[in-house]
Amino acid sequence: MKKLFLSIAATLAVLGLGFGVTAASADEQGSGLQIVRVDYNVKGVDTAANAYQEAVQVQNKGAAPVSLSGCTLEDLTGHQYDFPATRTLAPGEYVYVRTGKSPSADPANWWNSAVNLYWGRTNHMYGNSADSVTLECSGSRLDRVAWNDFTIRP
């Protein structure tokens with residue numbers, strides 16, 4: 001089923017009808033943490049100004065709160081984001097890890113809400129045509145999402 005969804009998502013992306021993977025993979029789901037969305041191909045040319053639009057959404061699908069201390073996101077080439085040690089996700093709660101900086105300096109702006117964490121990079125990280133993102137906590141892989149938009153699958 002996951003392969004079918006990713007194939008459909010890849011076809012939509014090639015046609016310009018989609019820009020993110022929304023299905024979550026489930027390699028290992030012991031903690032309840034899961035990657036539920038990856039926005040890896042933002043509209044327009046990739047620039048520092050729109051790098052914040054590139055994002056990974058991580059959600060606690062479990063029944064108990066989960067600390068993000070010791071958790072990381074890593075792409076295929078080894079770029080790694082370390083979650084703040086003080087961040088905990090309640091059951092059902094999610095957070096977006098955005099590649100760039102916040103587009104607003106105003107602390108009241110929704111971009112600066114607790115749901116958004118900013119990596120602060122000045123360039124895009126995820127490959128538009130192919131890449132992966134892996135969620136690990138304390139050295140254990142919890143989830144991984146990969147994409148390859150230009151491969152035609154049967």
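A nonpolar core is here a set of buried Ala, Val, Leu, Ile, Met, Phe, Trp, Tyr and Cys residues joined through side-chain atoms within 4.5 Å. In this predicted model, the largest such core has 25 residues, and the members that touch the most others are Leu33, Ile35, Val58, Leu73, Phe83 and Val133. At least two residues of this core come from each of the strands β2 (33-39), β3 (55-60), β5 (71-75), β8 (94-98), β10 (130-137) and β11 (140-148). Beyond residues up to four places away in sequence, leucine 73 touches Ile35, Val56, Val58, Phe83, Val97 and Val133, among others, and its partners also include His79, Gln80 and Thr134.

Strand β3 also holds glutamine 57, which counts as buried because its relative accessibility is 11%, under the 20% limit. Apart from neighbours within four places in sequence, glutamine 57 is in contact with Gln34, Ile35, Val36 and Arg37, as well as with Tyr94, Val95 and Tyr96.

In one of them, the side chains of arginine 37 and aspartate 39 meet with an N to O distance of 2.8 Å; aspartate 39 is buried at 9% relative accessibility, whereas arginine 37, at 23%, is partly exposed. Another salt bridge joins arginine 87 to glutamate 93, with the closest N and O atoms 3.5 Å apart, and here arginine 87 is buried at 13% while glutamate 93 is partly exposed at 29%.

The loop between β10 and β11 contains serine 138, which is exposed at 65% relative accessibility. Although serine 138 is not a glycine, its phi is positive, at about 50°; most residues other than glycine have a negative phi.

Conventions:
Residues numbered from 1 in each chain as written. Predicted model: local features only at pLDDT ≥ 70, side-chain atom pairs only at ≥ 80, totals over all residues. Heavy atoms only, no water. Buried < 20%, exposed > 50% of the residue type's maximum accessible area, 1.4 Å probe, protein only. Helix = DSSP H or I, 4+ residues; strand = E, 2+ residues; numbered from the N terminus. Contact = heavy atoms within 4.5 Å. Salt bridge = Lys/Arg side-chain N within 4 Å of Asp/Glu carboxyl O.
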